[in-house]
Amino acid sequence: MGVLRAGRTLLKVNQAGGFDCPGCAWPEAEKRSHFEFCENGAKAVAEEATRSRITPAFFADHPVSELARQPEFWLGKQGRLTTPVVKRPDSDHYVPISWAEAFSLAAGHLNAIHPDEAIFYTSGRTSNEAAFLYQLLVRSYGTNNLPDCSNMCHESSGMALSATIGVGKGTVTLNDVHSAKLIVVVGQNPGTNHPRMLAALETAKQHGAKIISINPLPEAGLMRFKNPQRAAGLVGKGTQLSDLHLPIRVGGDLALFQAIGALLTAWQAVDHDFISTHTSGFAAWRTNPSISALITAAADAAASPSPAGEVMAEVVRATGLRWELIEAAARMFADSEATVVCWAMGLTQGRDAVATIQEIVNVQLLRGMVGKPGAGLCPVRGHSNVQGDRTMGIYHEVPAWAGRLKIEVPPKRGYDTVEAIRAMRDGRATVFVGLGGNFAAATPDTEVTEAAMGNCTLAVHISTKLNRSHVISPPGQTSLILPCLGRTEHDPAGFVTVEDSMSNVHASQGRLPAASPDLRSEVAIVCGLAEALLGLDWSAYRTDYRTIRAVIAEVIPGFERFEERVVHGFTLAQGPRDSRSFPTRDGKARFTASPLTSIEVPPGRLLLQTVRSHDQYNTTIYGLDDRYRGIKNERKVVFVNPDDLAELGIADGSFVDLVSEWKGEQRRAPGFRVVAYPTVPGCAATYFPEANVLVPLDSTAHGSNTPTSKQIIVRLEPK
Ligand SMILES: Nc1nc2c(c(=O)[nH]1)N[C@H]1C(S)=C(S)[C@@H](COP(=O)(O)OP(=O)(O)OC[C@H]3O[C@@H](n4cnc5c(=O)[nH]c(N)nc54)[C@H](O)[C@@H]3O)O[C@H]1N2
Ligand SMILES: Nc1nc2c(c(=O)[nH]1)N[C@H]1C(S)=C(S)[C@@H](COP(=O)(O)OP(=O)(O)OC[C@H]3O[C@@H](n4cnc5c(=O)[nH]c(N)nc54)[C@H](O)[C@@H]3O)O[C@H]1N2
Ligand SMILES: [Mo]
């Protein structure tokens, strides 16, 4: 970026009057420091604010078929897209096209098909204003086909929470985290993916909080943290963050939280008042076969210290944890008067993700830990505005407020991400539009997905940087790349707004000059499409974002007086958090009874999960190191427990193919270096998106349809 430009830009990250960090969705503290960003936020900013540019000459030099052979890392390094380009069906090159022509080309295709044959994907960096207009455009056109990255991310959390507490969002504020007595971090690697969260954990620790981490990997940042924003944090060993680490088997969390719930019940460490006043379904949960067996077993175990009972053995098998460790964790829940449970992709991307998160809700309800200061449920979102996009109606279902849109909203549910891939694969969808993101690389079953996208007659990508999705366009397809402004750049139509993981809505305004004079804002591009497709005049929206917020204020509950309140930012009101009122059918928070399940892995096979390295943002690869895990200059590695390697007769450092086995099908990712690593026995790990080729399209979480990117059964085939 250049040192001065970088320094000036970073001072505007997450500041009032500055821009929202395009990194993660962790909220900013009320009292902001001058450095409200982290190492990885700085990388995200630098990636966008790069001085490298992709010009028409680049596309003249590189045919699409050649670009398709380049790795994602190389594509990203070519710099910012600068001008709209089109690849016509009979050409192997992208060439410049005017904005007007691009819009009418897209409109021509869309007008020639049934609206349900078009897919409108959204990634989570899109502002509230662009998201609201985009869903309005798509629904006015006549479809709810609005899949989004959330379908692969926190959909399981949204489903689990709406069914239990009536709201698909977390129930904590940053102050709750700061004042919690116990913070449980499950299936999340904040040191890499939400580094600013570590500062909040450190504050909580200073106030006396205890921390439990539940993870098959001993994630470095979580175990011990040096706060780079305080001089004292730079020296010495930093703060020991985690008080208890549970090295859980992948997919074992459902069994773990059932056991914790049963122990709390057996110990009478439950909040009877809260349960009787605010919840329903406790009796059904209590008599659920696995829970009642565990309660009995737990009561027995209190008398005799040796764990007994088949169901306990089942929990130990499912979790891979010693019973004493589970008891120690339950004891910490019992002793805490204010508990926050945080989780991310380690829970949401498993087969039983929804039931697992509901088991966490059960435990929090047992102890009355919802709507209480210092306590609550905290799904930690990924993309910086993924929560806001959903609030704005980026959803394949019809939002409750859709009736206020003053349009005829199509009644039929649309496709989610996995269904969209199937529809393109089967020829039921023929146009793909992506508002941000990298659909081809982020989704499961890469070969199937790329072929499915290739089936479309038109693909439209609204993007800041070149990525895989742009370059897999086969002959016969028309493909448009529409380059847009990023968060860091000045937009003359005004600031935009975003919503973080804790429902705080605030403004974001970039200051850097546009990467190219030919860029348009996401809002302007959506308006251009709407005008060409629907013949509407959206010029007011395009030139003054206050006009969009005025409509949002009328349509979406909670956004009354939007313009006035967003000046200082506001937190969306919420029943469960604010007043223990639950917008469910009976007005109560619900206990959920689920069977005790875990993933069965055949002998000689491993349960593979896919994670992010410290040097990537989803499909954007910043660099090839993964500092905290000791990996340098490579990404095709697979982390395996040394005991498993010994048993499989595979040497540390040797090369293997990863072969996923699912319902008689095989998928292969060749040439991964084996790294002996202290992951839980039986569980391996590798990086997303290289391993997405291994995730079967039809292997999804029950209820949320989220691809099971954390639970792939594989065998290692030596080279
Ligand atoms: N720098 C950076 N920041 C990011 C991102 C990025 O790519 N780079 N991505 C953003 C996005 S979109 C998201 S959604 C978030 C993702 O944030 P995370 O969820 O932290 O991301 P992952 O790397 O997928 O890490 C998943 C964690 O869950 C653990 N895990 C896997 N399986 C299980 C299991 O069965 N049980 C338990 N208890 N743990 C398990 C893994 O070991 C790993 O520590 O980060 C956001 N922030
Ligand atoms: N195996 C496996 N697969 C996964 C996951 C996993 O853990 N394992 N995680 C899943 C998760 S949690 C998520 S959220 C998805 C992510 O899926 P996506 O959101 O689709 O992917 P990203 O890599 O974040 O998208 C990066 C692209 O977004 C574009 N972009 C960046 N900034 C902007 C902007 O401001 N505006 C616009 N219009 N475009 C922009 C750039 O062109 C860049 O190439 O992947 C999912 N896939
Ligand atoms: Mo995500």
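Is Phe439 buried or exposed? Select Phe439 to find out. Its relative accessibility is 2%, so Phe439 counts as buried. Keep in mind that this is a predicted model.

**Confidence**

Colour the chain by pLDDT. The mean for the chain is 94. Of its residues, 95% reach 70 or more. Now select residues 231–236. Here pLDDT stays under 50. For this stretch the model has 6 contacts beyond four places in sequence. Where pLDDT is low, the predicted coordinates should not be read in detail.

**Aromatic rings**

A search of the whole structure gives 20 aromatic pairs. Take the rings of Phe432 and Phe439: their centres are 4.9 Å apart. Their planes meet at 55°, so the pair is described as tilted.

Next, select Phe58, Phe59, Trp74 and Tyr94. Ring pairs join these four residues into a cluster.

**Charges over rings**

Show Arg331 and Trp267 together. Arg331 lies over the face of Trp267, 3.8 Å from the ring centre. Then move to Arg125 and Tyr617. The charged end of Arg125 sits over the ring of Tyr617, at 5.0 Å from its centre.

**Cysteines**

How many disulfides does the count come to? The count is 0. Cys149 is in no disulfide, and the nearest cysteine sulfur belongs to Cys153, 5.9 Å away. A disulfide requires sulfur atoms within 2.5 Å. Cys149 is buried, with a relative accessible area of 9%. Cys153 is buried too, at 13%.

**Helix H2**

Select residues 39–48. This is helix H2, and 8 of its 10 residues are buried, so the helix is largely enclosed by the rest of the structure. Among the buried residues are Asn40, Gly41 and Ala42.

**Asp253**

Now select Asp253. This residue is found in helix H14, which covers residues 253–266. At 7% relative accessibility, Asp253 counts as buried. Which residues does Asp253 touch, not counting those up to four places away in sequence? Show Val186, Ile214, Ile248, Leu347 and Thr356: Asp253 touches each of them. Then draw a distance from Asp253 to Val138. The two are 115 residues apart in sequence, and their C-alpha atoms are 38 Å apart in space.

**Ile113**

Select Ile113 next. Look for it in the loop between helix H6 (99–111) and strand S5 (118–122). Ile113 counts as buried, at 18% relative accessibility. Ile113 and Thr430 are 317 residues apart along the chain, yet their C-alpha atoms are separated by 8.2 Å. Ile113 touches Thr430, as well as Ala118, Tyr141 and Val431, leaving out residues up to four places away in sequence.

**Backbone details**

Turn to two residues with positive phi. Ser503 has phi near 65°, a positive value in a residue other than glycine. Ser503 is in the loop between strand S17 (496–499) and strand S18 (504–508). With a relative accessible area of 2%, Ser503 is buried.

Lys663 also has a positive phi, near 45°. Find Lys663 in the loop between strand S25 (655–662) and strand S26 (665–676). Is Lys663 buried or exposed? Its relative accessibility is 69%, so Lys663 counts as exposed.

Now select Phe688 and Pro689. The peptide bond from Phe688 to Pro689 is cis, with omega near 5°. Pro689 lies in the loop between strand S27 (683–687) and strand S28 (712–718).

**The annotated domain**

Last stop: select residues 606–711. An unreviewed UniProt entry places the feature "domain: Molybdopterin dinucleotide-binding" here. Over these residues the chain is 7% helix and 37% strand.

Definitions and conventions: Residues numbered from 1 in each chain as written. Chains lettered and ligands numbered in written order. Predicted model: local features only at pLDDT ≥ 70, side-chain atom pairs only at ≥ 80, totals over all residues. Heavy atoms only, no water. pLDDT = per-residue confidence, 0-100. Contact = heavy atoms within 4.5 Å. UniProt positions renumbered as here; feature names shortened; annotations may be inferred. Helix = DSSP H or I, 4+ residues; strand = E, 2+ residues; numbered from the N terminus. Phe/Tyr/Trp six-rings, centres within 6.5 Å; stacked < 30°, edge-to-face > 60°. Buried < 20%, exposed > 50% of the residue type's maximum accessible area, 1.4 Å probe, protein only. Lys NZ or Arg CZ within 6 Å of the ring centre and 35° of its normal.
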